[in-house]
Amino acid sequence: MIFSQVELAPADPILGLTEAFKADVRKEKVNLGVGIYKDESGQTPILKSVKFAEEKLLATEKSKSYLGMEGVEAYNRAVQSLLFGSEHSVVTQKRALTAQAPGGTGSLRVAAEFLVRHTDSKKIWISNPTWANHNNIFSTAGLEIAEYTYYKAETHGLDFEAMVSDLETAKEGDLVLLHGCCHNPTGIDLNNVQWQQIADLCLAKGLVPLFDFAYQGFGAGVEEDAQGLRIFANTVPELIVANSFSKNFGLYNERIGAVTVVGATSNETVNAFSQIKSTIRASYSNPPAHGALIVSTILEDATLKQLWHDELKEMRERIAEMRTLFVESLKQAGVTQNFDFISNQNGMFSFSGLSKEQVNRLRDDFAVYIVGSGRISVAGMTKTNMPVICAAIAKVL
């Protein structure tokens, strides 16, 4: 009897919250925990560009044969073009190679497994705070976790001096996890000058950047959101990118992401990529095709690509509208505490500053569900549920 020895795992801080929300029988309940985009009707829509691409695939697809370990070739090319631009030197010099992977989580795990098994890097520096699953992914893979300061509670903003100071203590070969844009959970991003300073620090100390790039296009725009990554690609000889299309294509249940390795030379990249593929082979052998074919079909068709850009802009602008409405509605609900900082944050999330006790009261007394850290998914707010949310927050402050 081996299963009798197994203890019950603790609930995931985000997915467990969704399970609790589903079990809640109260009619007027709001889930602002999980990072899923909702439209004004409260639905997670399938983009029109995605539906058109699927219709095209249905009419032209001729086989369901296995993909190679690296996935759909056209998709991998499209990933590199979005990340770096098609004319960037890491692309033209063949210093970047990309493998399709199952979502952002799968991409990060493939990268972590590769680094642990095939390099001397054993420690990864992660921002404090960060996405709740980061520590789990990297510690399970066998990496030692260290933290660098990112957020300053007193100002509800970036503590850049402390970030630099902490990373100055990192050792050569250490990994640094960086949120490419729309930092999760704070919604606070570096500006280009700060990106360059951190890139220069990594170069000087021999640190290896690992970018988690899950929200491209949800900040300022597809090209604008890639500037930090491209500054690094112009500065450091090696880096890894784990990206996802769950959010910006709305392909949540297709689990479509990628891991891209950039080496100092094309030969070094080929060697590293061979071990990336070996890692994939030992894990899931090869990825599913549908999500990658959707993305590549859209990005290779000028009309569909423009439609996607338009739809992404609409999502981005709706989130920005909800940020402004959230701040205004809190004031209308009688909240005197200044929440203007929320209007200056980027992406799907806001770091509200609410305490654990206040978060618990929101859930228990008012059926408003947010993550224990105080992270709120602005992308789940609507004009309909906003009064409920703000009235509840006013009562717990």
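The model in which they are found is a predicted one. One of these pairs joins Tyr75 and Phe245: the ring centres are 5.8 Å apart and the planes stand at 80°, so the pair is edge-to-face, the cut-off for that class being over 60 degrees. Tyr75 belongs to helix H3 (residues 73-84), while Phe245 sits in the loop between strand S9 (239-244) and strand S10 (256-262). The pair therefore ties together parts that are 170 residues apart in sequence. Both Tyr75 and Phe245 are buried. They also belong to one aromatic cluster, together with Phe249 and Trp308.

The loop between S9 and S10 also holds Ser246. Is Ser246 buried or exposed? Its relative accessibility is 3%, so Ser246 counts as buried, since the limit for that class is under 20%. For a sense of distance, the C-alpha atom of Ser246 lies 34 Å from that of Leu397, a residue 151 positions away along the chain.

Trp308, a member of the aromatic cluster, has a number that falls within helix H13 (residues 302-332). H13 has 31 residues, and its span from first to last C-alpha is 45 Å, close to the 45 Å expected at 1.5 Å a residue. In an α-helix there are 3.6 residues a turn, so residues three or four places apart point the same way. At the N-terminal end, H13 is capped by Asp301, which has a side-chain oxygen 3.0 Å from the backbone nitrogen of Thr303. After the helix comes Gly334, with a positive phi near 95°.

Rolling a probe the size of a water molecule over the atoms shows where empty space is left. How many cavities of 30 Å³ or more does the model contain? The count is two.

Around it are Asn31, Val34, Ile36, Lys38, Ser377 and Gly380. Here the classes come to two nonpolar, three polar and one charged residues, with Gly counted among the polar ones.

Key
Residues numbered from 1 in each chain as written. Predicted model: local features only at pLDDT ≥ 70, side-chain atom pairs only at ≥ 80, totals over all residues. Heavy atoms only, no water. 1 Å grid on protein atoms, 1.4 Å probe; cavity = no way out; pocket = protein on both sides within 12 Å on 5 of 7 lines; lining within 4 Å. Points joined across faces, edges and corners; volume = space filled by probe spheres on them. Helix = DSSP H or I, 4+ residues; strand = E, 2+ residues; numbered from the N terminus. Expected span 1.5 Å × (residues − 1). Polar contact = N/O pair within 3.5 Å; in protein donor to acceptor, adjacent residues only side chain to side chain. Phe/Tyr/Trp six-rings, centres within 6.5 Å; stacked < 30°, edge-to-face > 60°. Buried < 20%, exposed > 50% of the residue type's maximum accessible area, 1.4 Å probe, protein only.
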